[in-house]
Each structure stands twice: as C-alpha cells, then as structure tokens.
Amino acid sequence: MRAAVVVFPGSNCDRDLAVAFEQAGFQVDMVWHKDAQLPQGVDIVGVPGGFSYGDYLRCGAIAAQSPICKAVVEHTERGGYAIGTCNGFQILTETGILPGALLRNAGLKYICRTVELKVETADSAFTRGYDSGDVIRIPIAHHDGNYFADDDTISRLRDEDRIAFTYVDNPNGSSGNIAGILSHNRRVLGMMPHPERAADPAHGGTDGVALFRALAGVLTPA
Amino acid sequence: MKARVHVMLKNGVLDPQGEAVRHALGALGFDKVEGVRQGKVIDLELAEGATEADVAEMCEKLLANTVIERYEIELV
C-alpha cells in the first residue's frame, strides 16, 4: 500500500499529508515536481496544500503544467486514486481532473480556522469511514477557496452524488456550500479543508483520521 | 512582434476584488460608478513567425482558465 506525495516549490502541507498517510499504514514516497514519472506501484497520489509556484498567474495554474502533473493526470486516467487538499484541489481543477475552479473568497480575506463540514456521501473510498450526514470539524486555511462551476456542472455533481463535503456555515462563498468533490469514477477527491491537519490529537482534532483509514482499508491488497 | 492578452472573469462569475474596488471608489465620493470588473493584462514578446493562433493556444492552455475567464488577444 503505497502513497506518493507531490512536492512543488511552495508546498507547505506535503509533510503533514505524508504523516497522515503513514499513520494510516501507507508507505510514502515524496516526488518532486520535475519528476516525469510516479514511482512504480503507487496506489494513491497526494497533491498537498501550500502556495505552489507562489500562486503566480492563478492558484495551481503553473503547477498543473509541471512534468509530475502530467504523470498524475495519466495515473487518474488509468483509474488511479488521488487526493488534493487546498492548493492540491486548486491544482486538480486546473489540470481538468476535477471540474470547476476556485475563486477568491467572497469576503476577500484569507481565512484560517476550523470549520464544520457535512459529509454528503459515504459512497467513496475517502468518505466510507463516515456516515452520510455526519458533521466533522476540519481546518481551512485559504484565500481562494470559493468553489465555482456553472449551473449544469453543479447539477451534475449533485445528481451523480459527487459532492463529498459541504460547509455547514459557508465561509468563502462557494457555490452550493461545496467544500469537496469527487471525480466521475469517485477515485479522485479534491477539497479545500485540510483533513491532514486533523489527524493527530496534537492537532486539536482527529476528525480527518477516518478519511485516511478508510483509504487504507480500500487500498490494502486483499 | 508583441501581443497583449486581456484576461477577464466571465460575466456572471463573482468578482469580489472588483466589488471591493467599487466600494472604495464610492467611499471616495465617485458616486457614478455602477460596476467594476478587475482583470489581467499580459504582454508577450514574440519571436518572428509567431501567430495569433499560437497566442490563442497559450491562452487556452495556461494564460486563462476558460472555466471562469475569457480572453482577448491584441497584436501590437
């Protein structure tokens, strides 16, 4: 059971994400943005939070064009699993792996605090450790977390049960209170909140642990 | 050759920065401003032989996110 965590210049949640994977039992490889290939046998790719390439042009825009992201796109096209948190979610939308885009927060301010999320679906490798309707407490830390997609896309996400998490009290103006979404095959999750920052009692909360444990349960070789 | 690319949020996409600028102009007494949209201008210095189609491809692939933004190319 192997995870790869991508490191861009400006990533700052890469090690947190690696520790969360390790605590769930994954062997973790860190991969550099200039690498053109993922290590052999990787089960899941983690795209971490931070400020890749200084957020120049648009958050995630330049990272999405990096050599490793081409490999991540190919991995997901083969049906591989991936999770992007915060800047990782922005990068996954910029690559086109996930639909929509993240705009500047409606209130224009950077927001760093723990928020309540509602689990909208337990039907994914990421959310099967929760019950649909559960409310969990996970930190957010972003300036551009205002999820936007056109009305047709939002309807499709709803109809296909691909909204993983919503904000109980929308902090950033996201359409449909959306905090995290799944890909069409449910194997890629993008979310603005940071489950890896709620993965140890020392973090002040452990509501993110169930996500990584659930993944480990699915990806453990039978 | 030079190209100037204008990137703007599409109509209907909330522009909180533009709204903040509108409020600030109002606070300064400019009471005839009914809306502000903020965008980007990107100047490209191009080698001989580059075409507008090349610039359009750059816009589609990197310079604009066409989910939320539209672009206009001006060759100068």
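Reader: Among contacts in chain B between residues at least 6 apart in sequence, what percentage join residues at least 24 apart?

Author: This is a predicted model, and everything said here was computed from it. In chain B, 66% of the contacts between residues at least 6 apart in sequence join residues at least 24 apart. For chain A, residues 24 or more positions apart account for 74% of the contacts with a separation of 6 or more.

Reader: Which elements make up the two chains, and in what order do those of chain B run?

Author: Chain A has five helices and eleven strands, while chain B has two helices and three strands. Read from the N terminus, the elements of chain B follow the order β-α-β-α-β.

Reader: How should I read a sheet, and what is the strand order of the open sheet in chain A?

Author: Strands of a sheet pair through backbone hydrogen bonds, either parallel or antiparallel. In chain A, an open sheet of nine strands, with mixed pairing, has the order β2-β1-β3-β4-β11-β10-β9-β6-β7. At the edges stand β2 (27–32) and β7 (135–142) of chain A, each with a single partner strand, so one side of each is left without a neighbour in the sheet. From one strand to the next, the twist averages 20 degrees. As a case of parallel pairing, β1 (residues 2–7) of chain A is joined to β2(A) by six bridges, and A:V6 has A:V31 as its bridge partner in β2(A).

Reader: Which strands does helix α3 of chain A lie across?

Author: Helix α3 (residues 87–95) of chain A lies across β3 (44–47), β4 (81–85) and β11 (188–191) of that chain, and runs at about 120 degrees to β4(A).

Reader: Which residues touch the most other members of the largest nonpolar core?

Author: That core has 74 residues, of which A:V6, A:F21 and A:F212 touch the most other members. Helix α5 (residues 209–219) of chain A gives the most to this core, with six residues. A second, separate core has six residues, including B:V55, B:C59, B:A64 and B:Y71. Returning to A:F212, its contacts, leaving aside neighbours within four places in sequence, are A:A20, A:F21, A:Q23, A:A24 and A:A199.

Reader: How should I read a positive phi, and where does A:C86 lie?

Author: Most residues other than glycine have a negative phi. A:C86 has a phi near 60 degrees, a positive value in a residue other than glycine, and lies in the loop between β4 and α3 of chain A. A:C86 is buried, because 31 other C-beta atoms lie within 10 Å, where the cut-off for buried is 20 or more. A:D161 also has a positive phi, near 55 degrees, and is found in the loop between α4 (151–159) and β9 (163–167) of chain A. With 14 C-beta neighbours inside 10 Å, A:D161 counts as partly exposed.

Reader: How many residues of chain B are in contact with chain A?

Author: The size of an interface is often given as the accessible area lost when the parts come together. Here the description is by contacts: nine residues of chain B are in contact with twelve residues of chain A. On the side of chain B that touches chain A, helix α1 (residues 16–27) of chain B gives the largest share, three residues. The residues of that side divide into seven nonpolar, two polar and no charged.

Note on methods:
Residues are numbered from 1 along each chain as its sequence is written. Chains are lettered from A and ligands numbered from 1 in the order in which they are written. This is a predicted model: local features need pLDDT of at least 70, side-chain atom pairs count only at pLDDT 80 or more; totals for chains, interfaces and linings use all residues. A nonpolar core is a set of buried Ala, Val, Leu, Ile, Met, Phe, Trp, Tyr and Cys residues joined through C-beta atoms within 7 Å. A residue is buried if 20 or more other C-beta atoms lie within 10 Å of its own, exposed if 12 or fewer, and partly exposed in between; C-beta atoms are placed from the backbone. Helices (H or I, at least four residues) and strands (E, at least two) are DSSP runs, numbered from the N terminus. Two residues are in contact if their C-beta atoms, placed from the backbone, lie within 7 Å. Ala, Val, Leu, Ile, Met, Phe, Trp, Tyr, Cys and Pro count as nonpolar, Asp, Glu, Lys and Arg as charged, and the others, Gly among them, as polar. Two strands pair if DSSP finds at least two bridges between them. Axes are lines fitted to C-alpha atoms, for helices over the stretch in contact, and angles run from 0 to 180 degrees between N-to-C directions.
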